[in-house]
Amino acid sequence: MRVKKTPKSRRPMPTGRQKLFVENYLITMNGAEAVRAAGYQTKNPRCTASELLSKPHIQEAIDKGIADRVARLHITQDFVLLKLAEIAQSSIGDYLRFDRNGVELRDMNEIPPEKIALIKELNEGEQKNIKLVMHDKISALDKLARHLGMFERHRQRQTRQSDFTRQILTDVRDRKIDPTEAALTLEAEGYPLPESLRLLLAKAEPETPSDDTGAYATISPEEMAERAKARMEAAEAQRTGFVPARAEEVRQMKEEMGGGSFQPERVSNDEKDS
């Protein structure tokens, strides 16, 4: 008995208008503009573009077009990073001359061609004022940093700090730890105290009513921080066993006993029987 093979489903190819959309998208890299240029009759070009870009066969056509363009232009990641680095390292002193008479533009023959390529805009005004605009160095540095993952490590630390703090506050809410222990734990990790935890630490001590109105005093943020700090210091001192008052008591006891070690009197057997 022969088994009938199920024909493989072919992935749809872009239609004529979809091809126009892909071609215009590769030019502008703007979905709404590509929709208008392709002739779609729609009141919301952005929604139409989003719908088109979600189709796998259209996304494959765009990816192929970008790959073909990169191959033709011989553009690699190293090339892009090198150009961004040149923008980030550019200096206005390569184009202007500063002296006692003021500022003037250097002769273009003095500026290397690779430096001229870094100029974004160069205009001459009505009174022969020169307007020189360079590419944004901060933007170039930002793109380089993102490519190298510099911001990713910072984001991961922020995420860990947020998760750790959230867990500590959950333990305080569930009464697994008290606010003082929570504050000490966060301080040991080098994380700032949340405002809610500062409020719990400040309210741990009962407020005394005011003599004038009988109402309870309002806690200022500064007083709240001072109380939280004092409670943390007291808890840390108690945890480590270092209490200055106890040290003073021991010193006084030694003075009362003449500075020597304490030796209890021995009791004879007769005295014990009596």
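Is the crossing in which H5 passes H7 left-handed or right-handed?

Author: H5 passes H7 in a left-handed crossing, a term that applies if the near helix is turned anticlockwise from the far one by less than a right angle, with clockwise being right-handed. The model is predicted, with pLDDT of at least 70 needed for local features and 80 or more for side-chain atom pairs, while totals for chains, interfaces and linings use all residues. Residues are numbered from 1 along each chain as its sequence is written, and side-chain values use heavy atoms, without hydrogens and water.

Helix H5 covers residues 77-88 and helix H7 residues 137-148; helices are DSSP runs (H or I, at least four residues) numbered from the N terminus. The two pack at an angle of about 140°, and their axes lie 8 Å apart. Such axes are lines fitted to C-alpha atoms over the stretch in contact, with angles from 0 to 180 degrees between N-to-C directions. H5 and H7 are therefore oblique to each other (under 35 degrees is roughly parallel, over 145 roughly antiparallel, 65 to 115 roughly perpendicular, and the rest oblique).

On the H5 side, Gln-77, Leu-81, Leu-84, Ala-85, Ile-87 and Ala-88 meet Lys-137, Ala-140, Leu-141, Lys-143, Leu-144 and His-147 of H7, contact being heavy atoms within 4.5 Å. Sorted by class, this contact of H5 with H7 holds eight nonpolar, two polar and two charged residues (nonpolar: Ala, Val, Leu, Ile, Met, Phe, Trp, Tyr, Cys and Pro; charged: Asp, Glu, Lys and Arg; polar: the others, Gly among them).

A further left-handed crossing is that of H9 and H10. H9 packs with helix H10 (residues 195-202) at an angle of about 135°, with the axes 9 Å apart, and H9 and H10 are therefore oblique to each other. Pro-179, Thr-180, Ala-182, Ala-183 and Leu-186 of H9 make the contact with Leu-197, Leu-200 and Leu-201 of H10. The class count for H9 with H10 is seven nonpolar, one polar and no charged residues.

Helix H1 (residues 16-28) and helix H3 (residues 45-53) form another pair, at an angle of about 100° and with axes 12 Å apart. H1 and H3 are therefore roughly perpendicular to each other. Gln-18, Phe-21 and Tyr-25 of H1 are in contact with Ala-49, Leu-52 and Leu-53 of H3.
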